[in-house]
Amino acid sequence: MNYSINRVAVIGSGTMGASIAAHLSNVGIPSYLLDIVPRELTPKEEKQGLELDDPVVRNRIVNEGLDRCLKARPANFYVKSSADLITVGNLEDDFDWVGEVDWIIEVIVERLDIKQQLMARIDEARRSNAIVTTNTSGIPIHQIADGRSDSFQQHFMGTHFFNPPRYLKLLEIIPHQKNSPELVEFVKEFATRVLGKGVVICKDTPNFIANRMISIAGSYGIAYALDEGFRVEEVDVITGPAIGRPKTATFRLFDLVGIDIMDHVGRNLYDAIPHDPHREVLRHEKMAALTSKMIKEGWLGNKTGQGFYKKTFVDGERQFWILNPETLEYEPPAKPRFDSVGQARKADEPAEKLAVMAYAEDRAGRYAWHLLSRTAVYAASCIPEISEDIVSVDNACKWGFGWELGPFETWDAIGVARSIDRLNGEGVEIPAWVQEMLDTGHETFYRQEDGRVSGYYDPESKGYQPMPADPRVISIKALRADGKELHANDSASLIDMGNGVLLLEFHTKTANALDPFIFQMLTTAQKELEQDRWQGLVIGNQGTHFCAGANIFTIAVASQQGDFDVIDDSVTQMQQNMQGLRYSPKPVVAAPFGMVLGGGCEVVLAASRVVAAAETYIGLVEVGVGLIPAWGGCKEMVRRIMSPPMRTRDVQVLPFLQQTFEQIGLVKVATSAAQAREMKILAESDRIIVNQDYLLSEAKQTVLDMVRDGYRPPSPRKLYAAGRDAYAALQLALYRMHGGGYASDHDVLIGKKLGHILTGGELSAPAWVDEAYFLDLEREAFVALCHEKKTIERMWHMLQHRRPLRN
C-alpha cells in the first residue's frame, strides 16, 4: 500500500500535543488540534455571561493549549505565522475531522482506559489506510490497541516524541506486531526526512529505550550523590559538559522535566519491570524521601519556580539558590571546582573527557566513575530486552538527551576490560554477553578502522556487524580518513567531496570563530577553485556551530596598540574575499547551522546559494562589541532590504531603512532559518533542511544542480543610498533614544556610524551607487570605532566573559 501524509490530526493540546502540531506546521504540514470540551465555566466566562454550549467555551481548552504553545520559550514555531496551519477543534463537535486525515496522533493523559476509549472512537472514524499512533511514554502499545479492528492494529504503532519536539532529535517508533515492514519503513523515512528526526525502532517494553535508561541511570546518580553527601551544584558541574552532556546535567534536568513527573515515571517503571534487579534503585530510601517531601511542598521544578534550584533576587541581582538535600533549605550558589573537570574541559574529543573523568582520583572522578560505569552496565543488562542492537540504545540516549556518547560508546571510551576489573572489585555483576565478548577477543563494542567506526558488536552473532549507513549523510571524518583532505591548518581544511566539489571546513576550538588561518584557507579555496577539475565549493562543517563570528582577539590587540593600518588592511582583504565568493564564476554554497553570527553571517551572505539547517540562529551582531559589520554585511542588507522596493516609483525609503537599521543596530538574531528568510538574510531561492545530518549532502547536490543548470555569477547592480535627509531622520531617532535614557553616548556613536553607512554617507540626495561605495563606508566606520576606548573595553569584556558589555 502506498502511503502519504498531507494532513494530520493531533488529539490532545497539552504541552506535548500542541508542540507536535507546531513542529508539523514548521515543515508545512497542516493539522487539526483537538481536545476535550470543558465541563464547567470559568469565573471569567460566567462574568461574561457565556454558557457551556458557546463555541468559545467549547474550544477553550484547545485554544489555551495552542496559546501556551505560541508563547513558549524556546519557541516551538520557526515563525509565528506557521501557526496558521493549525486548525483547532474539540472532540465532540469536530471529531469527524479525524476521518479526513492521513495520520492521527494521540497525545492525551497517560491512562490506559482513557486511551482505549479514544482508540475505539478513532477506529470507527478513520480512513482505512490512515496511520494511527500514540505518543505514550511507557504504556505497552499492544494494550492500547487491544480490541480494535485488524485494520486499526495493522496501522497502529507508537511514535514517542521527546519534548520539545522541535529541538530534541529522538523519535522512538514502537511497531505493533501486526504492522507491515512497509508501513514501519514509511513512518521511519517520513520522520527522518520530513520531520528531521533520528529514529530508533524500539521493542514494546516498559518505557521503551530512552526513558528506561534515564530513569535507572539518573536514579543511580542521585542515589550515590545523596549517600556520599554531594551538593546539588557539585553534581551538575560533574555531569554536564565535563562528561559530554548538556548543561542541564542532572538536577537541572529534573527541574526542567518536573520532580512530580520523574517520580511518577519511576513509580510506574518499578511496577512494570519486576524482573529487573536494577529497579530497586528507583526506591532508594533517601531519594524517595527527598522527592516525596519536595512534591508535598510543591517544589516541582521550573514550573513552580523552585525545585532543586530556586530563582531569587539578592540586591536586585538574579540568583539561583540551591536546595540542600539534608537541611531542605535553599542556600546561596557556590562555584565548586575540581581539577578533573578542568582537565576534561581541555580535552578535544568526548572520549578523552570521559577517560579523564572516570579515572580521576578526586571527588568528581569518583562520582563520574560511579555514574558512567553503572549506566554502561545497566545498558548492557537491557540487551536484548529493549533492543537487539547496541547502536539503537546509544542513539536513543544521544538524540533524546543530548549526550555526546551513548552508554556503549562511553564504555569503549573508559576501556571495557580495564573497567571490568574495577567493577568486579566493587561487586558489580557484569552481563554474561559482555564477558563473552572480551573472552572471544572482541575488545570494544565498536570496531574502528582507518579512523572511522566500521562495525558494532552483535551479541546474537557473537561478532561485529557493519554499521548502518545512510547514503544521504556525508561524514567529514570519513572523507579525511579516505585521504580527501587537500589542504589543512590549525583552523580550517579544504576537502574533496567528490564529483568535483570542494568543501571548506572550519574547525577552530572556539565555536569555529574566524581567524587568520581560516582567512588563509579561504584564499586557498578560491585559488583552488580556479582549476578546471573543480565545479564548485561548499562552505560547511560538522562542529557544534557553523561559525560564532570572528575571533576579535587580534582586533582588540591591534586597537589597543594603535595598529589601525593593520586593521584597515585586514578588513580590506576580507571584503575582497567576500566579494570573491559573491562573484565567483563557480557556485559557492554555504551550509550554515547552529550559531552563525557576525562574520559567520557575512560569509553566508556572500555565498551564491545557501542550504541552511532549519535550526540556524543567524545575525549580524557586531554592534554588541562596539563595532559594525564590515565584511559586506551592511552592504548586503542594503542590497536585500532597501534596494529592491526602491526600484518601484514613489516608494518611501524610511520603513525599509528603519528595518535595516534596527536589524543590525539592535543585534537581532534569527531564531530559525525560516525567520532568517523573513529577515532577508536568506533568499527565497535558498533551501532549508530539517534534518541536519543531510546538510552537506544537500549542499553538495545544490552545487551540482547549479552547474547542471548553467550557473552564471550575478551581474553587479547599483544599490540605493538614501542620502543626507534619511541620515538626519536616523540621527533624530538616536537623539530621542539618548534623551530617554535608552542609549548611551557610545551607543549613539555606533548608531551614527551605522546610519552613515546605510544612507550612503554625505550624499546630498538619494542616489544609486556601486557596492564598493558601501564597502568603503563600512571599512572607514569599522576602523574609526576601533579608535574608541569604549569599543576596546567591549571587545576585551567579550573575550573574557563571552557576552557583550552592557552600558
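Is T671 buried, partly exposed or exposed? T671 is partly exposed, at a relative accessible area of 40%; buried means under 20%, exposed over 50%, and partly exposed lies in between (1.4 Å probe, protein chains only). The model is predicted: local features need pLDDT of at least 70, side-chain atom pairs count only at pLDDT 80 or more, and totals for chains, interfaces and linings use all residues. Residues are numbered from 1 along each chain as its sequence is written, and side-chain values use heavy atoms, with hydrogens and water left out.

T671 is found in the loop between α27 (654-665) and α28 (673-678). Helices (H or I, at least four residues) and strands (E, at least two) are DSSP runs, numbered from the N terminus. T671 touches R166, E615, T616 and Y617, leaving aside residues up to four places away in sequence; contact means heavy atoms within 4.5 Å. From T671 to I618 the C-alpha distance is 7.1 Å, although 53 residues separate them in sequence.

An open sheet holds three antiparallel strands in the order β9-β10-β11. Strands β9 (309-314) and β11 (330-331) stand at the edges with a single partner strand each, so one side of each has no neighbour in the sheet. Pairing requires at least two bridges found by DSSP. Six bridges join β9 to β10 (residues 317-323) in the antiparallel sense. K310 has W321 of β10 as its bridge partner.

Helix α19 (residues 416-425) buries V416, S419, I420 and L423. These buried residues fall within an arc of 105° seen down the axis, so they line one face of the helix. The arc is taken from the directions from the helix axis to the C-beta atoms. The buried residues pack against α16 (363-381), α18 (407-414) and α20 (432-439). The face turned away from the buried side carries exposed R418, D421 and G425. Just after α19, G427 has a positive phi of about 80°.

The aromatic pairs number 25. Rings of Phe, Tyr and Trp (its six-membered ring) pair if their centres lie within 6.5 Å; planes under 30 degrees apart are stacked, over 60 edge-to-face, and the rest tilted. The rings of Y3 and F186 have centres 5.6 Å apart and planes at 35°, so this pair is tilted. Y3 lies in the segment before β1 (8-11) and F186 in α8 (residues 181-193), so the pair ties together parts 183 residues apart in sequence. Y3 is buried, at 17% relative accessibility. Ring pairs also link F408, W411, W433, F445, Y457 and Y464 into a cluster.
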